[in-house]
Amino acid sequence: MTRILTATLGYPRIGENREWSTWLAQYWSGTMGEHELLANMAALRLKGLAAQRKAGIDWIASGDFSLYDHMLDAACMFGLVPGRFPYAGGPVSTALYFAMARGTETAAACRKADWFGTGYYHVVPELGEREPVLAENRPLAAYLEAKRSLGLETAPVLTGPYTFVKLAERKDGGSLENWIGRLAPLYGQALRELAAAGAAWVQLSEPALSRDMPENELAAVEAAYAAIRRAAPAIRIMLQIPYGPAAHYGRLIRLPVNGIGLDFVHGRENNLAAVLSLGVPAGWRLGVGLIDGQGVWRTDLQEAVFLVKTLARALGGACELALQPSCSLQHVPVSLAGESGLAPHVKAILAFADEKLDELVTLKRALNRVGTVTLAAEEKIHESAVAVRNRPLYAKRGLSVESGWVQTMGADCMRKRIS
């Protein structure tokens, strides 16, 4: 029998009431000190992890939270501070971190760019002015915080080497292959330290692998992951490919990793065809991204059940299935609980982050078919199909929400457009 579990790639970082954004504004204006800011952010970070555990998620990501942006976090992790900012090495200070993000009177901020068509803008790292080192193992810090504060085993997530370099600005004119080769040992070091701390899994997010690439770049990916595996043989690696169909699937399933997460929302047709044709290596974990991590509409769980059963039959129990969102949930608001102005029948067709977690758990319970729990899950599945049929009416009209905020760039947030 195919083992089925639930998983996440990330959770909204801004809080239900945009408190994340408020605290940043207060810190930048000088009305909140650094110690208070970091303490507040830690509490919010742990609250998100606890919410996922309470929802019943089996495999929770850590390391997805950020004070500003995850690509900036990765740049700081490797000490890749632009030369125009003073930096003596070691962990990047909070002041320097925000200077890179927002600029100073004497140094321009790092450029921003759209993140895979999501409307979220990431910081563009600058490569070539400093030698990369593992300045601070941020995924390790996130893993240990969850373990020590909540007793929670997590699967740390960080941007993978190909996506990081592909989206960066290589100011030295160096090749993509060269930079991936230079960073791979540092990724290996970070993963080796995670394994030594007790982490069983790590998630490397590679959305750039959802786009076609030339042979030289694909070869560089293969060399990098081989180097990472040699450096960290003990930890299991989940290769996550959100925001579209995995390009070169046949080559990717030969990488020395232990699982692959695919987007079955925005890349459903191609990904399904690839899995049914080429399979998944025995003993791997297949991440089935069947809940839309970008949209706010409720999922048709009847259709989702059919997809999971199709995959389970095709794979014949050779690997386990992790039901997950198509991408990080950072692109949707936290919860519908704060939407007091929406009529019940309107709320019934929507799903923010917390409701999407419930969808995942509902699917797992229905598929595992455990007693009376199954009856409740099957009722929710039926309700979801009805909600999806009613959706077009409201999609045409558009809906107004009170607290459906999402991050766009830095501390800037906007109400999620529901239409």
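Me: How many helices and strands does the secondary structure of the protein chain come to?

Reply: In this predicted model, the chain has 14 helices and 14 strands. Its radius of gyration is 21 Å, close to the 22 Å from the globule rule for 419 residues, so the chain is as compact as a globular protein of that length.

Me: What box do the C-alpha atoms fill?

Reply: Along the principal axes, the box is roughly 60 × 50 × 40 Å.

Me: And what share of the residues is buried?

Reply: Buried residues account for 58% of the 419. The accessible surface of the chain is about 16,400 Å², and carbon and sulfur atoms contribute 52% of that area.

Me: Of the contacts between residues at least 6 apart in sequence, what percentage join residues at least 24 apart?

Reply: That percentage is 76%.

Me: Turning to the open sheet, in what order do its strands run, and is the pairing parallel or antiparallel?

Reply: The order is E1-E12-E11-E10-E9-E8-E6-E2, which makes 8 strands, and the pairing is parallel.

Me: How many bridges join E2 to E6?

Reply: There are 2 bridges between E2 and E6 (residues 155–159), and these strands run parallel. Ser62 has Pro156 in E6 as its bridge partner.

Me: Why does Thr6 count as buried?

Reply: Its relative accessibility is 0%, and a residue counts as buried when its relative accessible area is under 20%.

Me: What about E13: which strand is joined to it, and how?

Reply: E13 is joined by 4 bridges to E14 (residues 412–415), and the two run antiparallel. Met409 is placed opposite Asp412 in E14. Together E13 and E14 make a hairpin with 2 residues between them, and Gly410 in the turn has a positive phi of about 60°.

Me: How many residues of E13 are buried?

Reply: In E13 (residues 405–409), 4 of the 5 residues are buried, so the strand is mostly covered.

Me: Now helix H7. What span should it have, and how far apart are its ends?

Reply: H7 (residues 176–196) has 21 residues, and at 1.5 Å a residue it should span 30 Å. The end C-alpha atoms are 30 Å apart, which agrees.

Me: Where is the kink in H7?

Reply: A kink of about 25° is located at Leu183, shortly before Pro185. Leu183 is itself among the buried residues of H7, which also include Trp179, Ile180, Leu186, Tyr187 and Leu194. After H7 comes Gly198, with a positive phi near 110°.

Me: Where is Phe116, and what is its phi?

Reply: Phe116 is in the loop between E3 (112–114) and E4 (121–123). Its phi is positive, near 50°, in a residue other than glycine. Phe116 has a relative accessible area of 15% and is therefore buried.

Me: And Tyr243: what is its phi, and is it buried or exposed?

Reply: Tyr243 has a positive phi of about 70°, although it is not a glycine. Its relative accessible area is 8%, so Tyr243 is buried. Tyr243 sits in the loop between E9 (236–241) and helix H9 (249–252).

Definitions and conventions
Residues are numbered from 1 along each chain as its sequence is written. This is a predicted model: local features need pLDDT of at least 70, side-chain atom pairs count only at pLDDT 80 or more; totals for chains, interfaces and linings use all residues. Side-chain values use heavy atoms; hydrogens and water are left out. The expected span of a helix is 1.5 Å times one less than its number of residues. The bend at a residue is the angle between axes fitted to the seven residues ending there and the seven starting there. Buried means under 20% relative accessible area, exposed over 50%, partly exposed in between (1.4 Å probe, protein chains only). The radius of gyration is taken over C-alpha atoms; the globule rule is 2.2 Å times the number of residues to the power 0.38. Contact means heavy atoms within 4.5 Å. Accessible areas come from the Shrake-Rupley method with a 1.4 Å probe; for residues, only the protein chains shown count as cover. Two strands pair if DSSP finds at least two bridges between them.
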